[in-house]
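Here is a short briefing to read alongside the coordinates. Take a moment with the view below, then follow the notes by topic.

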Amino acid sequence: MSVPKVHVDDQSPIRDEISPTQKAMECSSPSTRKSLHQNILGKLRPLPFQYHWTVWYDKHSESTNYDNRLYVLHEDVADIATFYRVYNNYPWDKIRLRDSVHIFRKGVRPVWEDPENIKGGCWKFRVPKSKAQEFFHEIAILCMANEFQAALEKGA
């Protein structure tokens, strides 16, 4: 009676006899725990957000012509994986004083003239510069996951 084998690398798990050279090749197979882990995670669906989001960059200038100031960094952030692809690859150290990054629901521009923003407001936080990126990350995740209001009510 033969011992059952785990089928991992698209080779048939059923074999009658294995030669010593084949056994040596199987031991040096590139299938490792890490690659199996990455394969499994690659097949999982990322957690979706309730809304789709757009990430904007606002290059500060005295001009009120927003077409010259606003740039779309990523138009459709629909899930947490896309958010982290944008967030982790953004050159945060290159943001100049008074430049800003905005995250708005898809279809809404970060200007007061947008119909969605007419009755809108603005939150302002004073944060030490050394904590600014970490703070922005936490606020962005809370807002996109619709948990910001609950965090404010708890006093977090």
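**Contacts and exposure**

Leaving aside residues up to four places away in sequence, Tyr71 touches Val55, Trp56, Tyr57 and Lys59. Keep in mind that this is a predicted model.

**Tyr71**
- Tyr71 sits in strand β2, which covers residues 70–79.
- Its relative accessibility is 40%, so Tyr71 counts as partly exposed, lying between the 20% and 50% cut-offs.

**Arg69**
- Arg69 belongs to helix α3, made up of residues 66–69.
- Arg69 is buried because its relative accessible area is 13%, and the cut-off for buried is under 20%.
- The side chain of Arg69 makes a polar contact with the side chain of Asp58 at 3.1 Å.
- That Arg69 side chain also reaches a backbone atom, the oxygen of Ser63, at 3.1 Å.
- With residues up to four places away in sequence left out, Arg69 touches Tyr57, Asp58, Lys59, Ser61 and Ser63.

**Cysteines**
- How many disulfides does a search of the whole structure find? The search finds zero.
- Cys122 has a relative accessible area of 51%, so Cys122 is exposed, as exposed means over 50%.
- Cys143 has a relative accessibility of 28% and therefore counts as partly exposed.

Notes:
Residues numbered from 1 in each chain as written. Predicted model: local features only at pLDDT ≥ 70, side-chain atom pairs only at ≥ 80, totals over all residues. Heavy atoms only, no water. Helix = DSSP H or I, 4+ residues; strand = E, 2+ residues; numbered from the N terminus. Buried < 20%, exposed > 50% of the residue type's maximum accessible area, 1.4 Å probe, protein only. Contact = heavy atoms within 4.5 Å. Polar contact = N/O pair within 3.5 Å; in protein donor to acceptor, adjacent residues only side chain to side chain. Disulfide = S-S within 2.5 Å.
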